[in-house]
Amino acid sequence: MTIRVSSVRKTFGSHAALDDVSLQIEAGEFFVVLGPSGCGKSTLLRAIAGLEPVDSGEIHLGSTQVAGKGLHQPPEARNVGVVFQSYALWPHMSVRQNVAFPLETAKRSKSYVEGRTNNCLATVELQPFADRKPADLSGGQRQRVALARCLAQGAETVLMDEPLANLDPHLRSAMEEELAEFHKKSGSTTLFITHDQREAMALADKVALMWDGKVLQADTPDMLYDRPVSEKVAGFIGRSTILSAEIARVRETRALVMIGGQAYEVPCSLGTSEGASKIMVRPEHVRTSGDGRGLETVVERVIYRGGYWETNVRIEGQDQLVLVNLGHKAAAGDRLSIAIDGGWVLPD
Ligand SMILES: Nc1ncnc2c1ncn2[C@@H]1O[C@H](COP(=O)(O)OP(=O)(O)OP(=O)(O)O)[C@@H](O)[C@H]1O
């Protein structure tokens with residue numbers, strides 16, 4: 001079921017937690033909302049789930065409008081499953097009872113409840129733990145109970161609010177794989193919230209980057225990384241340097257860019273104009289240059305990252321240090337000649 005959020009606004013006092021947010025999530029998509037703490041991610045999820053009425057704008061689930069002017073469909077009418085960071089399991093019930101509960105309250109037949117509960121427990125490989133209480137499970141197992149319960153509801157739309165945030169890093173990556181598998185098996189439209197960009201990149205078909213109540217960019221993970229729409233997006237996703245440069249010439253999606261007296265060809269969007277501009281350069285776009293035509297830099301800082309040295313170098317006249325990954329250890333004060341091979345002309 002598609003989720004369509006159109007110009008939604010939600011304020012708490014004078015603060016806009018959602019400031020004219022529009023998004024379209026396609027049926028079956030794994031859509032991640034990424035952003036720093038307090039940017040409005042949970043508010044967006046709660047608005048879609050029906051847990052938070054919106055001030056203005058509209059929300060559609062499939063062809064049904066669930067929120068809008070004078071309309072607020074309650075959560076139970078929206079048929080969305082929600083998985084929270086806190087699992088929200090009933091402590092006095094066994095794993096099996098927790099999973100069966102939504103089906104029992106929906107007054108399904110006893111045999112249906114039993115069969116479906118067993119299937120859902122099998123999907124998340126929890127049958128051996130079916131009779132335990134949540135308190136006797138690990139964090140990852142508890143999260144799987146929450147997933148199984150969501151699956152049992154048969155919701156076509158699943159909303160997950162930082163479901164892996166409480167897990168240790170090892171369990172977290174194991175659970176990421178399980179989540180991807182869960183999504184594949186259930187075929188549900190999934191909205192997943194996180195502030196961890198590595199997790200977002202690993203799981204998402206599409207990522208929306210939120211900032212201060214606004215969606216800055218909604219795109220595939222590779223577009224977000226390679227083709228950020230602004231300096232803010234470039235700065236938040238991955239490691240990058242923003243260089244000031246002069247565009248001498250543009251041919252469709254290639255710009256001839258002058259940096260420190262050298263000319264480099266850098267990808268750009270259609271319609272980019274000549275003149276002063278900002279270039280995003282990631283470490284993989286920088287190489288050392290031995291042909292005497294490179295940019296002369298001075299090493300300022302070196303950090304060993306396991307297998308390579310992340311080397312911060314300064315180009316004269318540039319504010320930001322350029323990151324270069326080197327296979328050898330350089331020392332502060334060393335001179336290094338570099339060349340730029342790729343990058344992206346920032347559109348704004
Ligand atoms: N019930 C509320 N009353 C007042 N302010 C609220 C309420 N809920 C959220 N806010 C505020 O709205 C803003 C967005 O909150 P939200 O919980 O959506 O952010 P978030 O991106 O999910 O953050 P986090 O990653 O820390 O959970 C924050 O400034 C928060 O303090």
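# Strands, a shell and a serine

Visitor: What is the bridge partner of valine 302 in β18?

Guide: Threonine 311 is the bridge partner of valine 302 there. This is a predicted model, where local features need pLDDT of at least 70, side-chain atom pairs count only at pLDDT 80 or more, and totals for chains, interfaces and linings use all residues. Residues are numbered from 1 along each chain as its sequence is written.

Visitor: How do you know that β17 and β18 pair?

Guide: Two strands pair if DSSP finds at least two bridges between them. Here 7 bridges join β17 (residues 295–304) to β18 (residues 309–315), so the two strands pair. They run antiparallel. Their hairpin has 4 residues between the strands, and glycine 306 in the turn has a positive phi of about 85 degrees.

Visitor: What makes β18 and β19 a pair?

Guide: Bridges again: 5 of them, in the antiparallel sense, to β19 (residues 322–326). One joins tryptophan 309 to leucine 326 in β19. In this hairpin, 6 residues lie between the strands, and glycine 317 takes a positive phi near 90 degrees.

Visitor: Why are β14 and β21 called edge strands?

Guide: The open sheet has 5 strands in the order β14-β13-β12-β15-β21, with antiparallel pairing. β14 and β21 (344–345) each pair on one side only. Inside the order, β12 (residues 241–251) is joined to β15 by 7 bridges. Alanine 245 stands opposite serine 277 of β15.

Visitor: Why is serine 269 called partly exposed?

Guide: A residue is buried if 20 or more other C-beta atoms lie within 10 Å of its own, exposed if 12 or fewer, and partly exposed in between; C-beta atoms are placed from the backbone. Serine 269 has 15, so partly exposed is the label. It sits in the loop between β14 (262–267) and β15 (275–281).

Visitor: Which residues does serine 269 touch, not counting those up to four places away in sequence?

Guide: Serine 269 touches Thr253 and Pro347. Contact means that C-beta atoms, placed from the backbone, lie within 7 Å. By C-alpha atoms, serine 269 is 7.7 Å from glutamate 252, which is 17 residues apart along the chain.

Visitor: Which residues of helix α3 are buried?

Guide: In α3 (residues 95–105), they are Val95, Arg96, Asn98, Val99, Ala100 and Leu103. Their cover includes α4 (110–123) and α5 (139–152). Helices are DSSP runs of H or I with at least four residues, and strands are E runs of at least two, numbered from the N terminus. Just after α3, lysine 107 takes a positive phi of about 60 degrees.

Visitor: Where are the domain bounds, and how far apart are the C-alpha centres?

Guide: The assignment gives domain 1 (3–231) and domain 2 (239–345). Such bounds come from an automatic or database assignment. The C-alpha centres lie 40 Å apart. Still, 4 residues of domain 1 are in contact with 4 residues of domain 2.

Methods:
Two residues are in contact if their C-beta atoms, placed from the backbone, lie within 7 Å.
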